[in-house]
Each structure stands twice: as C-alpha cells, then as structure tokens.
Amino acid sequence: MSPARPRRGIALVMALTLLALLGLAIAGGMAHTVASQRAATLSQNAATLDAAADRALATVLADANAYGLSALRLGQTRAFNLDVADMPQLSTTVSVTRLTGGVLWMVAAASPRADVGAGRRVNLVARFPTIGALPPAAIVTRGNLRLGDGVRFGVDTAQDADCAAGPVPAAIVAPGATVRAPNGVRVDTAGVARDSATYYLTQADVASLAMAAGVVHATGDTTIAGGTFEGILIVDGSLTLHGTVALSGLVVARGAIDATDAVVSARGALLSFNASNVSTILTDLSVEYAPCVVARVMRVALSPRVVRLRSWSEFF
Amino acid sequence: MLTPRSRPGFTLAELLIALAAAAVLLAVIASIALRQQRLFAELADDAATTGRLREAIAMLPIDLRAVSPASGDIREARDTSLEIRATIASAIVCDTGGHTLTLGPALSGTDTFAAFLATVAAGDTAWVLDTRDAAEGWIPRRVTSVSSTTAARCANGGPVLSGPFTAIVVALDTLLPGRAGTVVRVTRPVRYSLYRSSDGSWQLGARDWNTTSLRLNTIQPVAGPFLPPSAGGLVFSYFDSNGAAVTNPVDPRAGLALVRVSARAQANRAARVLGAASTERRADSLDVAVFLHNRR
C-alpha cells in the first residue's frame, strides 16, 4: 500500500484572497449605498416631520371648538395627542395656551414613535377675531328702560384678567332715554349706548357672526316661550319673553326686549337697540353681568385664525 | 530489510513555472487591490461631496422658512446671495417692567413658552405682537441689553406656570404697549453668499450680524467647496404664490412665496474607477424648495 501524497494548499489561499477582495468591494459599495440611503431617509424624515407638525396645528386650529380652545382659561395650557392621517408611524402632540388679546400660542411636536428624541417642534400664533369691546353693562338700551321691583343684578367674579368686570352700573341707556328703576339700582346714561357698534350690529359685525357657531339670528320679531339658550342671539326685531327663560351669553335685539310676563335668569349681557320711544321692560329678572361669558361665546362663534406676518416659527 | 523511500522533489522547470505563475497572480491581486483602494477613495469622495451639499441644503431652509417678506425680512435677494432677517428666538412675554420684557421659560416639550436658536443680544430686533385692535401688527424694537433672572410665575395674562424658572430679560430702546402674554419674535440679519476663499475654492459663506457695530461681520465659511458661480455652484431662485419666477434683482417686498436653493459641488479627484477612466471630476447637485410660511 502506498502512503498518501502530501497536498499543497496554494489554490485555497488564492481563492480565499480573491473572495476577501470581492467582499471588500461589495462592502464598500454597500457602505456607500447605505450612507446615501440614510442621508436621503433623514431628509425625507425631516420633511415628513415638518408636514406632520404643520398638519397637526392646522387640525387643531380648524376645529377649535371641538378641542375646547374657546373655553380655555387665560394662561391655561392644554395638550392634545393627535393621530395624523396617513402618518401612523409618527407621534404628534399639540399644546395650546390662551393668552391675552385672544391670542393662542400653539406648539406642535412630531416625532417617530420609535425614537421620541428625534422630532420637530413648530410654533404657530393664532388669534380669535374680535368684533368690538365687550358690553359695558349687563343691560344696555338705546331707548327707554323700565325695570321692575323683581330685578336683581350681580357680577360674575370668577373671571379671567382679560375680561374681568370692574365696578359697572347695572344698566346703561343712551342720552334722552327715560329710565324707571327700583331704588338702589344704578343706571348710567352714556353716548356709547347710542352707537350700533356697541350692539354688534354694524354690517361688518353681522357679517362676521352670520353662520357662526352658537349664533342664532332671528330675522323678525321673535317670541321665546320658556326654555334655555346659550350662545349669541341676534333678533332683528323686538324680542318678547314668556314663561321661565334662562339665558347664557349675549342677547342683542334691534327692537325692544319685553319680559313683562317672564321670569328671566341671564348670565352675560342683554342689549337692546330699541328706538327712543319704545321701552325695554324687564320685571322679574335675575341677571349676572359676565363679560367673560360673552367673550367665550364670541370665541365659540369666531374661529381663530393665524396672525399676520410672523405667525409661524420653527423651534429647536 | 527495508530500503529508504525516495523523497519527491521539484525540477528546476517546475520551480520556474511556479514562480512565474505566482508573479502573475500577485500582479493581478495587486492591481485589484489598487483598484479597490481607488474605488473606496472615490466612494468616500462622492459621499463627502453629497455631504457638503446636504449640509448647505439642510441649513439654509431653517433660516428661510420663517422669513416674512412683507415685513421686509428679505433685505437683498440675488441669484448668488441672499440677505435676510432670521428668526433667532420666539417667546411669550411673562412680565413687563418699563422698557423690559421678561420672557417665558424655554422647555423641551410642547408646553414651552420660548425657544432660542441663538442667544439674544443687544442690537437684535424684537418684534412684539400688538393686539390692541382687530388688525394686529408686529412692532419692531431694538434690544439694548439682555440679562437673566429667576421668576416664580408670570403676571396676569401670561402662561400659568408652577415653580421658579430662569427667564431672559430683554431691555428695549423704546417703551412698548406690551403686557404679559404678548408674543415676541427676535430677528437678526444674516447674509448667505458664495465666495472665493483664500485657497481659491468656492464656499458658501455667512455674514452674521455684529450686534456691537450693527454691521455684518466678515464672511465665514459654512459649507463647501462648491462649483464657481458660473457653473451654478449656488443659485437662489425666487417664486411668487402662483409659481411664477421672480426675476433678479428681486424686490424684497414682492410677494415671494418660495425660494429654491440649488447647489452643485465637485468631487476632489477625478473618477478613474466610477467614471470609467475619465479624467473629469464627478459633480453632484441638490435642490431644495423652501416654502415661506410667513408670507402674509
């Protein structure tokens, strides 16, 4: 039997060397591809995050009442977690703070759910439009005013600083109007009660409030026979109340308000742009002057919009 | 009796043939290794070129997006340079006192009341949102000094905060009708342009605002090198809200809605492997369109 011949392994070494070189080439190519892909992904992610943050802000702003922005107290911050459509991989949060002047400070953050640290923050400043100053008293009439002995006045004290009520009269009437009121009820006379802007009845005001949320616009003489109302009621004619009526917000009548046969409790303000020879008659009325309630129903009615020129900013 | 077994050997011819074959093989391997090295170098060069472009393209939009053309934030707009007022800080005024505004705290989450891209300094411009009437506006005031303080809470009208925080106090040159809860944006001019550096290369440079001399500083490189302007190294183009190009020189107050930034850079070496033995250097380009959020 012949012994085994020793084998030389140079072919194996050569093959391994070539394989190693081939591997290096492939690794180099892969590294380049991965680096390019990563850079492209980062750019795409950044754009996606920007878009998600902007969309989250737009979503909250477009549906301000549903998110309760109109009811936010002054200085209060509320945060919302949103699912942005078509972007389930992202986590989006919007914080809203209500500031003085009806301004909303909004900050949106979007980040990948897998990596909370890698996000974008965007700031938007919006504002509730205003259509004039808040009512100067619980009752404002252009024409005559007759208040019964059962009329009781109060002032809402749980208020925000930007709508807090100071010492105000119970009612204000235009110069020349006659007033009959129980003793102790302070009724002032002021020129402001002669101005249609005080009653939010200028053409621009009415146009702003038309079709707005929480606003009822009655086009002629109107009678309410009991019930509850919250919001803004604009009556183009006279307003007659019967039964037990609870009002919260702002009631504006172009004509007189007659509540001779009604028991009325109101929180907010009642405004009557009645002619000078027609009387607004309130006999059994409990009214709480609440300018902040009026401001809130105004915010419900007038959706916020971004402020001009410098509303948007990127945060880091 | 056993005889010793003869051991196998190599003839001279076998050795010469083996040596020749090994030499050829080594030469082939060396050639492949050299080519590999070049390939790696070119790939790295390519990646660096792309990186330079991305660097420039990533940085410019940050300053551009918050620009408000109608407020005069675009001070000069040309195809090779752009001078703007960049927003460097945003905050809610927490409190006021004479000529000073105490800004809200900068926090990391969405419940933040300030954000600073750069440190606010004297000479910057503070734009204070004026909400005294329905048509709000931004009132510009020059910052005269900046300090910090510890505050416990904001005044009425500002955000409701719990606990003490460090606040930036900004003094302004003129008294403002500002109050707690007012929003303020701080801007600072900056100029971007392509310039030729001392080594002859074309760089994207930035001239920051000198808050002491109230002039633009000497240009500093930001990213590069890029191709020269004649080869489209860095080109700014401007468009209105209808997508129509606004031609140079651009009226800074024109209704600009979009700025496109195009950058072109070239690899440092000729691509001998990737470019199929070309003697030309590979060039890469990147475009970004920046939508101006505050155009109205």
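Local features need pLDDT of at least 70, side-chain atom pairs count only at pLDDT 80 or more, and totals for chains, interfaces and linings use all residues. Residues are numbered from 1 along each chain as its sequence is written, chains are lettered from A and ligands numbered from 1 in the order in which they are written, and side-chain values use heavy atoms, with hydrogens and water left out.

**View 1. Confidence in the model.**
The model scores ipTM 0.81 and pTM 0.82. The predictor's confidence in each residue is its pLDDT, from 0 to 100. Chain B averages a pLDDT of 84, and 91% of the residues score at least 70. Among the elements of chain B, strand β4 (residues 114-116) has the highest mean pLDDT, 93. Strand β15 (residues 281-291) of chain B has the lowest, 81. Helices (H or I, at least four residues) and strands (E, at least two) are DSSP runs, numbered from the N terminus. Where pLDDT is low, the predicted coordinates should not be read in detail.

**View 2. The interface of chain A and chain B.**
The contact (heavy atoms within 4.5 Å) takes 50 residues from chain A and 56 residues from chain B. Together the two chains bury about 4300 Å². Buried area is the accessible area (1.4 Å probe) that two parts lose on being put together, summed over both. Carbon and sulfur atoms carry 61% of the area buried here. Leu309(A), Arg310(A) and Trp312(A) supply 20% of the area that chain A buries against chain B, more than any other three residues.

**View 3. The side of chain A that touches chain B.**
The rule finds 22 residue pairs in polar contact across the interface, both residues at pLDDT 80 or more. A polar contact is a pair of N or O atoms within 3.5 Å; within protein, one must be able to donate a hydrogen and the other to accept it, and residues adjacent in sequence count only if both atoms are side-chain atoms. Elements of chain A that give two or more residues to this side are α1 (10-62), β2 (90-99), β3 (103-112), β4 (120-127) and β17 (312-315). The largest share, 15 residues, comes from α1(A). By class, this side of chain A has 22 nonpolar, 18 polar and ten charged residues. Here Ala, Val, Leu, Ile, Met, Phe, Trp, Tyr, Cys and Pro count as nonpolar, Asp, Glu, Lys and Arg as charged, and the others, Gly among them, as polar.

**View 4. Salt bridges between the chains.**
A salt bridge is a side-chain nitrogen of Lys or Arg within 4 Å of a carboxyl oxygen of Asp or Glu. Five salt bridges are counted between chain A and chain B. One of them pairs Asp73(B) with Arg310(A), at 2.7 Å from N to O. Another joins Arg65(B) and Glu314(A), at 3.0 Å. This pair crosses from helix α1 (residues 12-65) of chain B to strand β17 of chain A. Both Arg65(B) and Glu314(A) are buried. Buried means under 20% relative accessible area, exposed over 50%, and partly exposed in between (1.4 Å probe, protein chains only).

Arg305(A) forms a salt bridge with Glu136(B), the closest N and O atoms being 3.3 Å apart. The pair runs from strand β16 (residues 305-306) of chain A to the loop between β5 and β6 of chain B. Arg305(A) is partly exposed at 37% relative accessibility. Glu136(B) is buried at 1%. Thr131(B) is found in the loop between β5 (125-130) and β6 (137-151) of chain B. At 11% relative accessibility, Thr131(B) is buried. Not counting residues up to four places away in sequence, Thr131(B) touches Gly101(A), Val103(A), Arg127(A), Glu136(B) and Arg179(B).

**View 5. A salt bridge within chain A.**
Over all chains, the count comes to 22 salt bridges. One of them links Arg73(A) and Asp160(A), with the closest N and O atoms 2.7 Å apart. Arg73(A) lies in the loop between α1 and β1 (77-82) of chain A, and Asp160(A) in the loop between β7 (152-155) and β8 (171-173) of chain A, so the pair ties together parts that are 87 residues apart in sequence. Arg73(A) is partly exposed at 43% relative accessibility, whereas Asp160(A) is buried at 9%.

**View 6. Helix α3 of chain A.**
Nine of the eleven residues of α3(A) (residues 291-301) are buried, so the helix is largely enclosed by the rest of the structure. Among the buried residues are Pro291(A), Cys292(A), Met298(A) and Arg299(A).
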